[in-house]
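Subject: Structure for your review

Hello,

The structure you were to receive is below. My notes on it follow.

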Amino acid sequence: MWAEPGMPRDWLDADAVPVVRPYTLTGGRVRATGGFDLVAYVLADRNAQPAVHLDLHPEHLRLVALAARPVPVAELAAGLDLAVGVVRVLLGDLVDRGLVTVHQPSAGPYLPDNNILKAVLSGLRAL
């Protein structure tokens, strides 16, 4: 039951802050337009003017500010104290507007076929 105006609320304490649900920040979206790895580096465009985009949330603007230097996606999430999934969606918005670029880590080295590894292991055991 809701409290009367001016009445204390049991569900708030002195340290309570306004709560914004993550799906509110993303407009209900759960997937980014691009899949961003946790260790992918984000860098804001030097000439970016995020204030021109009136539909951006303060979190978008904060991401652009934090990405003034190359910073990994995981660090951005920690810096904003948001879930990585939310940050990925917000980054997708910024990439679509050309405000940031995301540099994905290079693909891992080529791994040989298991049969080759087994042959090498057999050869080593024979020594």
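L94 is in contact (heavy atoms within 4.5 Å) with L56, H60, L63, V64, L99 and V100, leaving aside its neighbours within four places in sequence. The model is predicted: local features need pLDDT of at least 70, side-chain atom pairs count only at pLDDT 80 or more, and totals for chains, interfaces and linings use all residues. Residues are numbered from 1 along each chain as its sequence is written, and side-chain values use heavy atoms, with hydrogens and water left out.

Core

L94 is also, with L63 and L91, one of the residues that touch the most other members of the largest nonpolar core, which has 21 residues. Such a core is a set of buried Ala, Val, Leu, Ile, Met, Phe, Trp, Tyr and Cys residues joined through side-chain atoms within 4.5 Å. Buried stands for under 20% relative accessible area, exposed for over 50%, and partly exposed for what lies in between (1.4 Å probe, protein chains only). Two or more residues of the core come from each of β1 (41–44), α2 (58–66), α3 (73–80) and α4 (84–96). The largest share, five residues, is that of α4. Helices (H or I, at least four residues) and strands (E, at least two) are DSSP runs, numbered from the N terminus.

Helix α2

The buried residues of α2 include H60, L63 and V64. They lie on the same side of α2, because they cover an arc of only 100° around the axis; the arc is that of the directions from the helix axis to the C-beta atoms. P58 and A65, on the other side of α2, are exposed. Among the elements that cover the buried residues of α2 are β1, α3, α4 and β3 (100–103).

Sheet

Three strands form an open sheet in the order β2-β1-β3, with antiparallel pairing. β2 (71–72) and β3 are at the edges with a single partner strand each, so one side of each has no neighbour in the sheet. Strands count as paired if DSSP finds at least two bridges between them; β1 and β2 pair in the antiparallel sense over two bridges. V71 in β2 is the bridge partner of V42.

Salt bridge

The structure holds one salt bridge, meaning a side-chain nitrogen of Lys or Arg within 4 Å of a carboxyl oxygen of Asp or Glu. R69 and E75 form it, and their closest N and O atoms are 2.9 Å apart. E75 is partly exposed at 38% relative accessibility, and R69 is partly exposed with a relative accessible area of 47%.

Regards
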